[in-house]
Amino acid sequence: MLTLALPKGRLAEESAQILKDKGWLDSLPPSDSKELTFVSKDKRLRLLFVRSQDVCTYVEECSADAGIVGWDIIKEGKYDLISPVDLKIGGCRLSLASFPDFDLYAKRSKVRVATKYPELTKEYFFSKGISCEVIKLYGSIELAPIVGLSDCIVDLVSTGGTLKANGLKEIEAILFSTARLVCNRSSFYAKQDELRSLIESLEN
């Protein structure tokens, strides 16, 4: 049996539908269920439903053989995982945003940036030769510049509607993200046949 970690919510639903379409699930997990695991009737696949930020940890620590998670999370955590397939779902971008009059290159000692992606944010500003102070938040990132907590934000953007509703503007995309299959390195060899079969079916 393969154990696959999925992020709770819409991405889990889309991933489960793909797995069903590819013949790995004979039925979808009940949408109203509070259970955190789901096993296919043929015992071929077990799903774990976890927070998106935890998917890579479950896989890296061998609690799951593989997982489906956004490229943004993989890059932020610098996990030691194999990422063989881009599922091309859950598309979004990690972007710098602020008020329309914000000048990234204005002379200031440091740019204060609110984000839940501190590593990617630091890399971005370092590449620009700009000093930054990262303020880590876990939600409602758009609020930070409005109340003066930060000069700008780095956050995921899909349609840009939330930014616009709060008077903010997308300045530059830092990273484009889609959902990827990630595999534990040990499982990739110990369960080579099963994982290769999964990878091949998801690639086609």
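Two strands are taken to pair if DSSP finds at least two bridges between them, and helices (H or I, at least four residues) and strands (E, at least two) are DSSP runs numbered from the N terminus. The structure is a predicted model, in which local features need pLDDT of at least 70 and side-chain atom pairs count only at pLDDT 80 or more, while totals for chains, interfaces and linings use all residues. Residues are numbered from 1 along each chain as its sequence is written, and side-chain values use heavy atoms, with hydrogens and water left out.

On these terms, V113 stands opposite V134 in β8, and five bridges join strand β7 (residues 111–115) to β8, the two running parallel. Both strands belong to an open sheet of five strands with mixed pairing, in the order β8-β7-β9-β6-β10. Because β8 (132–136) and β10 (169–177) stand at the edges, each with a single partner strand, one side of each is left without a neighbour in the sheet. The twist from one strand to the next averages 25°, where axes are lines fitted to C-alpha atoms, for helices over the stretch in contact, and angles run from 0 to 180 degrees between N-to-C directions. Helix α4 (residues 118–128) lies across β6 (92–98), β7, β8, β9 (152–157) and β10, and runs at about 165° to β8.

Helix α1 (residues 10–21) has 12 residues and reaches 17 Å from its first C-alpha to its last, close to the 16 Å expected at 1.5 Å a residue, the expected span being 1.5 Å times one less than the number of residues. Within α1, L11, A12, S15, A16 and L19 are buried, that is, under 20% relative accessible area, whereas exposed means over 50% and partly exposed in between (1.4 Å probe, protein chains only). Seen down the axis of α1, its buried residues fall within an arc of 130° and so line one face of the helix, the arc being that of the directions from the helix axis to the C-beta atoms. R10, E13 and D21 are exposed on the other side of α1. The buried residues of α1 pack against several elements, among them β1 (2–7) and α8, with contact meaning heavy atoms within 4.5 Å.

Helix α8 (residues 192–203) contains S201, which is buried, with a relative accessible area of 16%. The side chain of S201 makes a polar contact with the side chain of W24 (2.9 Å); a polar contact is a pair of N or O atoms within 3.5 Å, and within protein one must be able to donate a hydrogen and the other to accept it, with residues adjacent in sequence counting only if both atoms are side-chain atoms.
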